[in-house]
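Subject: Structure handover

Hello,

Please find the structure below, for you to keep and work from. My notes on what was found in it follow.

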Amino acid sequence: MTPTPLSEDQVGDILTTSHRNNPAKEITGLLCYDGHRFLQILEGAEDNIHALYKTIHSDPRHTAIELLHEAGWQIAVFQIGRWLMNMCPKAYCQS
Ligand SMILES: Cc1cc2nc3c(=O)[nH]c(=O)nc-3n(C[C@H](O)[C@H](O)[C@H](O)COP(=O)(O)O)c2cc1C
């Protein structure tokens, strides 16, 4: 079944929650939404990322989560830096 698209406010709620929670866990990331599918990059310590992934996994706002890639954890520098949870400009999310 195709999930009902989320409104901008609903996506905004996810960002607000991410901005509230992620800094304390030193998690950074990037979130893209094309109106049907999310693509998210999460970066941080292994335990924190796994805990957040578990939370997101059981979130009913999406229906079919798929882990696309899991990189090594020994990074000294955060690749995504200060983007605590940035949103892709919509133009980049169009398929
Ligand atoms: C696509 C997607 C991405 C999400 N990303 C995050 C995230 O990066 N950080 C976060 O805390 N919650 C994220 N959430 C929300 C979590 O699933 C969950 O609702 C939230 O962490 C609960 O936080 P709370 O206990 O402070 O209300 C995301 C949800 C969705 C659907």
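The secondary structure of the protein chain amounts to 3 helices and 3 strands. Helices (H or I, at least four residues) and strands (E, at least two) are DSSP runs, numbered from the N terminus. Along the sequence they follow the pattern α-β-β-α-β-α.

This is a predicted model: local features need pLDDT of at least 70, side-chain atom pairs count only at pLDDT 80 or more, and totals for chains, interfaces and linings use all residues. Residues are numbered from 1 along each chain as its sequence is written. The pLDDT, which is the predictor's confidence in each residue, from 0 to 100, averages 83 over the protein chain, and 80% of the residues score at least 70. Confidence is highest in H2, at a mean of 94, and lowest in helix H3 (residues 90-93), at 66.

The sheet

The 3 strands form an open sheet in the order S2-S1-S3, with mixed pairing. S2 and strand S3 (86-87) are at the edges with a single partner strand each, so one side of each is left without a neighbour in the sheet. Two strands pair if DSSP finds at least two bridges between them. Strands of a sheet pair through backbone hydrogen bonds, either parallel or antiparallel.

Strand S1 (residues 28-33) and S2 run antiparallel and are joined by 6 bridges. Thr 28 stands opposite Glu 43 in S2, Gly 29 has Leu 42 as its bridge partner there, and Tyr 33 stands opposite Phe 38. The hairpin of S1 and S2 has 4 residues between the strands, and Gly 35 in this hairpin takes a positive phi near 100 degrees. S1 and S3 pair in the parallel sense, over 2 bridges; Leu 30 stands opposite Asn 86 in S3.

The ligand

Which residues come nearest to the ligand? Of the 15 residues around the ligand, they are Ser 18, Asn 21, Phe 38, Asp 59 and Arg 61. A residue is near a molecule or strand if its C-beta atom, placed from the backbone, lies within 6 Å of it. Two or more residues of this shell come from each of helix H1 (8-21), strand S2 (38-43) and helix H2 (46-57). H1 gives the most, with 4 residues. By type, the shell divides into 5 nonpolar, 8 polar and 2 charged residues. Here Ala, Val, Leu, Ile, Met, Phe, Trp, Tyr, Cys and Pro count as nonpolar, Asp, Glu, Lys and Arg as charged, and the others, Gly among them, as polar.

Burial and loops

Of the 95 residues in the protein chain, 11% are buried. A residue is buried if 20 or more other C-beta atoms lie within 10 Å of its own, exposed if 12 or fewer, and partly exposed in between, with C-beta atoms placed from the backbone. Two residues are in contact if their C-beta atoms, placed from the backbone, lie within 7 Å. Among contacts between residues at least 6 apart in sequence, 59% join residues at least 24 apart.

- Gly 44 lies in the loop between S2 and H2. Gly 44 is buried because 20 other C-beta atoms lie within 10 Å. Leaving aside neighbours within four places in sequence, Gly 44 is in contact with Lys 25, Glu 26, Ile 27, Thr 28 and Ile 49.
- Glu 26 is in the loop between H1 and S1. With 12 C-beta neighbours inside 10 Å, Glu 26 counts as exposed. Its phi is near 55 degrees, a positive value in a residue other than glycine. Most residues other than glycine have a negative phi. Glu 26 and Gly 44 are 18 residues apart along the chain, with 6.1 Å between their C-alpha atoms.
- His 62 is found in the loop between H2 and S3. His 62 has 15 other C-beta atoms within 10 Å and is therefore partly exposed. His 62 and Arg 37 are 25 residues apart in sequence, and 8.3 Å apart in space from C-alpha to C-alpha.

Regards
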